[in-house]
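This report goes through a predicted protein model.

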Amino acid sequence: MSPSTSGRRRLSPLILHDDLFTQVLLLLPVKSLMQLKCVCKSWNTLISGPTFVELHLQQSQRRKRQLLLTYVLSYDDNRWFVPLSICRLLSNTSITLDFGSCNGLICLLGRSANKHRAIWFRVWNPATGNISEKLGSLNKPRKRGSSMLRYTFGYDISTGSYKVVGFDTREVKVFGLTDNVWRNLPCVPDNAGIVCWDNNVNKGEYLSGTINWLAIQNWLQCDKYCENISIMRFVIISLDLGMETYKKMMPPPDCDQVPFVIEPIIAVLMDCLCFAHHLRTHFVIWKMTQFGVEKSWSRFLKISYQDLQIDIRFNEKMIYHPLLLSPLCLSENGDKLILANNHEDQAIIYNIRDNRVELTRIINSIQWFLSKNYVESLVPIC
């Protein structure tokens, strides 16, 4: 052996077993994985496979939660959508953020301006850059006295397909992206009417294969403004996207004496259904720890308006007040809550541990109440 090579040791190439190699790839962001698909056919096959896509989605849901907020550009009323990590929002509240979002797919609504009121959808994966053609074209002429359908987006766990649900107070339609067909569903049970007030809340919350709304029991007996009713007149209507059947759930039982002054709200925080309502001095959030089990309601937070730095006063008659708060998301360690505040057109970051509040600065017209949870994914748009 020559002196020049006697001190050298030959290094063997590093070989990763298939399972370990897959685990490494699952830690990468979508942008990097899209680049690696171009390296060779075997990598492209692995990364594009349904098993890998599902495993990567599960990883993203555990560790990379983001908010998808909507803002409107004033010059042409176009909507733009920007996904932003919650961590970045919590660390820099001057960043501007940006509709139905599920498993990394975003459902965008297009609407014509003519009297026929035609609508259609596109499904977009912002992480991969893929967007579908127009889907679900529907003509719904505007009739005098009729309300405009609202839409939400969800995943049918039983068939692995995605569905769009259109609804107003009594009418519910479902569009399956797989069969490309609109179907009319029966009215919601017990003569309940889905709450469709003129604000951006109660557009439907997706959770575990269901779409959930607030509704009012015996809705036809309410007056135009639904005055003088208690919160216990509200129910939660849950639509199973697989069976396309309804389930009715009652609000937390301790709300029975609370008057309806500001409408209650349902939201999803850390994969739990939540029910929130306003008192004279506090904003209260309840959490259903076992979805669908009414006995699992527990009070999660009771926050004073003073701690939220909100100046709110009710008169003697407790008339309707324009303030409306909505929970958007909870940080991964559970110590910070982001709330939308329509009264001041802003988002509030509330530190649960020490009651400290940060108020975001708004640039452009951010529609905080249209915020949805978002995760990056490789899920194909088809």
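## Terms and basis

Buried means under 20% relative accessible area, exposed means over 50%, and partly exposed lies in between (1.4 Å probe, protein chains only). By that rule K163 is buried, because its relative accessibility is 6%.

This is a predicted model: local features need pLDDT of at least 70, side-chain atom pairs count only at pLDDT 80 or more, and totals for chains, interfaces and linings use all residues. Residues are numbered from 1 along each chain as its sequence is written, and side-chain values use heavy atoms, with hydrogens and water left out.

## Overall make-up

The protein has 6 helices and 25 strands. These are DSSP runs, numbered from the N terminus: helices are H or I with at least four residues, strands are E with at least two. Of the 382 residues, 49% are buried. The accessible surface is about 20100 Å² (Shrake-Rupley method, 1.4 Å probe). Carbon and sulfur atoms hold 50% of that surface.

The structure holds 8 salt bridges. Each pairs a side-chain nitrogen of Lys or Arg with a carboxyl oxygen of Asp or Glu within 4 Å.

K163 bonds in two directions. With D156, the closest N and O atoms are 3.4 Å apart. With E244, the N to O distance is 2.9 Å. E244 lies in the loop between strand 15 (234-240) and strand 16 (245-249), and K163 in strand 9, so the pair ties together parts 81 residues apart in sequence. E244 counts as buried because its relative accessible area is 16%. D156 is buried too. A network of salt bridges links D156, K163, D179, R183 and E244.

## Nonpolar cores

A nonpolar core is a set of buried Ala, Val, Leu, Ile, Met, Phe, Trp, Tyr and Cys residues joined through side-chain atoms within 4.5 Å. The largest one has 28 residues. Y151, F153, Y162, V164 and W182 touch the most other members. Helix 5 (50-63), strand 8 (150-156) and strand 9 (161-167) are among the elements that each supply at least two residues. Domain 1 (15-64) and domain 2 (65-372) each give at least three residues; the bounds come from an automatic or database domain assignment.

A second, separate core of 22 residues includes I262, F283, L301 and I303.

## P380

P380 is found in the segment after strand 25 (365-374). P380 is partly exposed, because its relative accessibility is 45%. Not counting residues up to four places away in sequence, P380 touches V53 and L105 (contact: heavy atoms within 4.5 Å). P380 and V123 are 257 residues apart in sequence, yet 9.6 Å apart in space, C-alpha to C-alpha.
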